[in-house]
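Colleague: I've got a bit of time before the group meeting. Could you talk me through this one?

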Amino acid sequence: MKSTLLYALVGMLLCGLLCAVSGLAATGQGPAEVKLDRLANLFDAVNFDHAAHVEIAGDCATCHHHTTGDGAGGERCGRCHAQSPKSANVACQSCHEADPFSAAQLEREESDRYQYHIDKPGLKAAYHWNCLGCHEASGGPVGCEDCHARNKTGEAFYHSGAFAPTATAPHAH
Amino acid sequence: MSGISRRRFLAGSIAGCAATTLCGTKQAFAAGSFTGYPEGMGVLVDLTRCIGCRSCEAACNKEQNLPAPAKPFDDLSVFDETFHGGTQKRRPDETAYTVVNRYQPEGGGKPIYRKIQCNHCAEPACLTSCFVNAYTKTQEGAVVYNDKVCVGCRTCMVACPFNVPAFKYSSAFDAKIMKCIFCHETRLKQGRPPACVEICPQQALTFGKRKEMIKIAHQRIQNEPGRYIDHLYGEKELGGTGWMYLSAVPFEQAGFDVTVQNEPILNNVKDFLSTVPMVLAIWPALFTGFHLLATNKGGHGHDDDHAGGDAAAHGEEDDKS
């Protein structure tokens, strides 16, 4: 019952509060900061410093693929997307599903026989691949809590911190 | 005394044998061609994506109301745990339906993390080995277990080629096998992915119809041939499993048993087992016939003569007295 409630809460958060833009800077390079609250039930929202990452990445397409209108790298994507114009919405969530394995989503994918992207990552994976991929290559932070501050719900979920097991007997097999 | 006479018991046995011969062989032949429910769900586990965060273990623990772990789920020292003289890494047990283990590939490189759980075979050895039918392969693709009928014989634990079913030794008198059930009751039946899939931050676990998972897996291999070993573990192994794996390193280096056969375990004994009911039905009739023929020829007439002679002898004695 409690877990159902928890997952319902996650679902609500997914639907309503994804990628809420917290502040738009007049840089012409998108918002200065993006609030990512995908996992806001176990971890607090991440205040993603967009402006700083614009400087590090240099090119919008590094993260936004082909949606910012500056071409797409790679032999595979470039074949179709080299000339793709700027999309109306460049937010990750506009393409990457928050709930990629819902029955409705699976049904949608199966019914579209001409869909090429049959294996598009969900929103959570899109974030983590994009962030971790660069962070690993460039020596950026890669630990869970380097980006996500875990809250009480998260501690209980991982049986960690205040909820850590008291007995430290070795796991019997 | 027992309420059932020997004659009734034997008659019942023979009738039962005849019934199993008629129905049983048909089922046995059908079983050989069963390749899983076409609309059954599956999970594609991509080992190249797993970062070993153990969130799937935590999600499983919560979803299945399993006992609190010995160590926190964010404690990565569990990857160093070994058992049986260092020969075995962690495995699912009565407190955990899934575990993630770390493997160091040969020739260095980044460690590989592998999630272990029930692979939900199309034709499960646990199911076929269970003589009380405690196991069911559901049309959604899950292999589920019913502890109400389980007698605790643990044959399924021996039968499973992946060593997945675990016995709840802490309640030995209330027999219970503990294993991953694909979140069947709480999620799969409602068309939702299992808890481990939903929590995975890396989408190392992809959920969908098994036939779609096979397509996606081969597309991944085709798109990035340098990233993957050209093999989908579980596509063919043991007649096909619901959970399948992609890897960057040879599968044996990630602890997989690569010696398993492609045929379902049942096929090893199916031919033999399908003849058992036939033997049980035909042999008694055959040998009863032999027995009757043999006894008719030899002793019958002789016994009658002998009995007649005795009666005559008694008659003579009576007369004399």
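Colleague: Which residue in E9(B) does B:Asp46 stand opposite?

Modeller: First, a caveat: this is a predicted model, where local features need pLDDT of at least 70, side-chain atom pairs count only at pLDDT 80 or more, and totals for chains, interfaces and linings use all residues. Residues are numbered from 1 along each chain as its sequence is written, while chains are lettered from A and ligands numbered from 1 in the order in which they are written. Strands (E, at least two residues) and helices (H or I, at least four) are DSSP runs numbered from the N terminus, and E1(B) pairs with E9(B) in the parallel sense over four bridges, pairing being at least two DSSP bridges between two strands. In E9(B), the residue opposite B:Asp46 is B:Leu246.

Colleague: How many of the residues of E1(B) are buried?

Modeller: Buried means 20 or more other C-beta atoms within 10 Å of a residue's own, exposed 12 or fewer, and partly exposed in between, with C-beta atoms placed from the backbone. In a regular strand the side chains alternate between the two faces of the sheet. Here B:Met41, B:Val43 and B:Val45 are buried on one side, and B:Gly42, B:Leu44 and B:Asp46 on the other. The count for E1(B) is six of six.

Colleague: Which residues have the most contacts inside the largest nonpolar core?

Modeller: A nonpolar core is a set of buried Ala, Val, Leu, Ile, Met, Phe, Trp, Tyr and Cys residues joined through C-beta atoms within 7 Å, and the largest has 71 residues. Beyond its neighbours within four places in sequence, B:Met244 is in contact (C-beta atoms, placed from the backbone, within 7 Å) with residues including B:Gly42, B:Leu44 and B:Val45. The ones with the most contacts inside that core are B:Val45, B:Cys196 and B:Met244.

Colleague: Is B:Arg54 buried or exposed?

Modeller: Most residues other than glycine have a negative phi. B:Arg54 has a positive phi of about 70°, and its place is in the loop between E1 and helix H2 (55-63) of chain B. Because 23 other C-beta atoms lie within 10 Å, B:Arg54 is buried.

Colleague: What about A:Gly133, buried or exposed?

Modeller: That residue belongs to helix H6 of chain A. Since A:Gly133 has 11 other C-beta atoms within 10 Å, it is exposed.

Colleague: Which elements give two or more residues to the side of chain A that touches chain B?

Modeller: The contact involves 23 residues of chain A and 28 of chain B. The elements of chain A are helix H5 (103-111) and helix H6 (123-138).

Key. Two residues are in contact if their C-beta atoms, placed from the backbone, lie within 7 Å.
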